[in-house]
Amino acid sequence: MRDDRHQQRQQRLKEQVDARIAAATQTRGILMVFTGNGKGKTTAAFGTALRAVGHNKKAAVVQFIKGEWPNGERNLLSQHGVEFQVMATGFTWETQNRATDTAACLAVWQHARRMLADATLDLVLLDEITYMVSMNYLPLAELEQALRERPAHQSVILTGRGCHRVLIEMADTVTEMRPVKHAFDAGIQAQQGIDW
């Protein structure tokens, strides 16, 4: 009796999943946002980039805010032809200079714009870009326009806390990371190979 109920539930589930698969008829690039206060936004984005490269897709990365410390994702993905452009100023609370941070953002943004217009790229990852918009280093309208005008097949990932509602509305997929517990809060140092 139990097996019969289980099989009936699984059959109903299969029918629902099959119906959703049949209804998904569009083929185009998607805009993904990984936001929220929890850890894992960049990690999730790089997992997607790794998956794309593993399927012989062409990907490129722009990292806003990041510093010049060793980067495991870059070490691996650059070996597979993934272009990286890094703002390399470090965190804004370290630099504490709005003018130089804005200039650095706009300089690396030119690489991002080029990538977003490049039809040979299947995936563009704009890591920590939400901060550039929320801190008014990068005009929202400029980012919005570049996203709308990108090649139709190109997927894009935006990461960072506090993603602007306009970008959330534009996105096809939005994931919000929520902090439940973090080792750093218990006094455990960030670790190479785990945290960066």
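1. Let me begin with the surface. The protein chain has an accessible surface of about 12,100 Å², and 51% of this belongs to carbon and sulfur atoms. Accessible areas here come from the Shrake-Rupley method with a 1.4 Å probe, and for residues only the protein chains shown count as cover. Please keep in mind that this is a predicted model, where local features need pLDDT of at least 70, side-chain atom pairs count only at pLDDT 80 or more, and totals for chains, interfaces and linings use all residues. Residues are numbered from 1 along each chain as its sequence is written, and side-chain values use heavy atoms, with hydrogens and water left out.

2. Next, the overall layout. The protein chain holds 8 helices and 6 strands, in the order α-β-α-β-α-β-α-α-β-α-α-β-α-β along the sequence. Both kinds of element are DSSP runs numbered from the N terminus: helices are H or I with at least four residues, strands are E with at least two. The C-alpha trace spans about 70 × 45 × 35 Å along its principal axes.

3. Of the 196 residues in the protein chain, 38% are buried (buried means under 20% relative accessible area, exposed over 50%, partly exposed in between, with a 1.4 Å probe and protein chains only). Among contacts with a separation of 6 or more, 74% join residues 24 or more positions apart; contact means heavy atoms within 4.5 Å.

4. Which residues have the most contacts inside the largest nonpolar core? They are Phe 64 and Leu 126, in a core of 33 residues. A nonpolar core is a set of buried Ala, Val, Leu, Ile, Met, Phe, Trp, Tyr and Cys residues joined through side-chain atoms within 4.5 Å. At least two residues of this core come from each of strands E1 (31–35), E2 (59–63), E4 (123–127) and E5 (155–159), and likewise from each of helices H5, H6 (129–134), H7 (140–148) and H8 (165–170). Helix H5 supplies the largest share, 7 residues.

5. Phe 64 deserves a look of its own. Setting aside neighbours within four places in sequence, Phe 64 is in contact with Met 87, Cys 105, Val 108, Trp 109, Leu 126, Asp 127, Glu 128, Ile 129 and Met 132. There is also a second, separate core of 16 residues, with Ala 49, Val 82, Leu 123 and Met 177 among them.

6. Met 115 belongs to helix H5 (residues 98–116) and is buried, at 0% relative accessible area. Beyond its neighbours within four places in sequence, Met 115 is in contact with Ala 60, Val 61, Val 62, Glu 83, Gln 85, Leu 121, Val 124 and Gln 154.

7. Glu 144 sits in helix H7. Again leaving aside neighbours within four places, Glu 144 is in contact with Val 166 and Met 170. Glu 144 and Met 170 are 26 residues apart in sequence and 8.5 Å apart, C-alpha to C-alpha.

8. Now the second largest pocket, which has about 220 Å³ of space. On a 1 Å grid over the protein atoms alone, a pocket is an open set of points where a 1.4 Å probe fits, with protein on both sides within 12 Å along at least five of seven lines; lining residues have an atom within 4 Å of a point. Grid points are joined across faces, edges and corners, and the volume is the space filled by probe spheres set on the points. The lining includes Arg 28, Gly 29, Arg 51, His 55, Asp 122 and His 153, and helix H2 (residues 41–54) gives its largest share, 3 residues.

9. Gly 29, one of the residues lining that pocket, lies in the loop between helix H1 (2–23) and E1. Is Gly 29 buried or exposed? Gly 29 is buried, with a relative accessible area of 2%. Apart from residues up to four places away in sequence, Gly 29 touches Arg 150, Ala 152, His 153, Gln 154, Ser 155 and Asp 172.

10. Finally, two backbone angles to check. Most residues other than glycine have a negative phi. Asn 56, in the loop between H2 and E2, has a positive phi near 60° and is exposed at 74% relative accessible area. Asn 136, in the loop between H6 and H7, also has a positive phi, about 60°, and is exposed at 59%.
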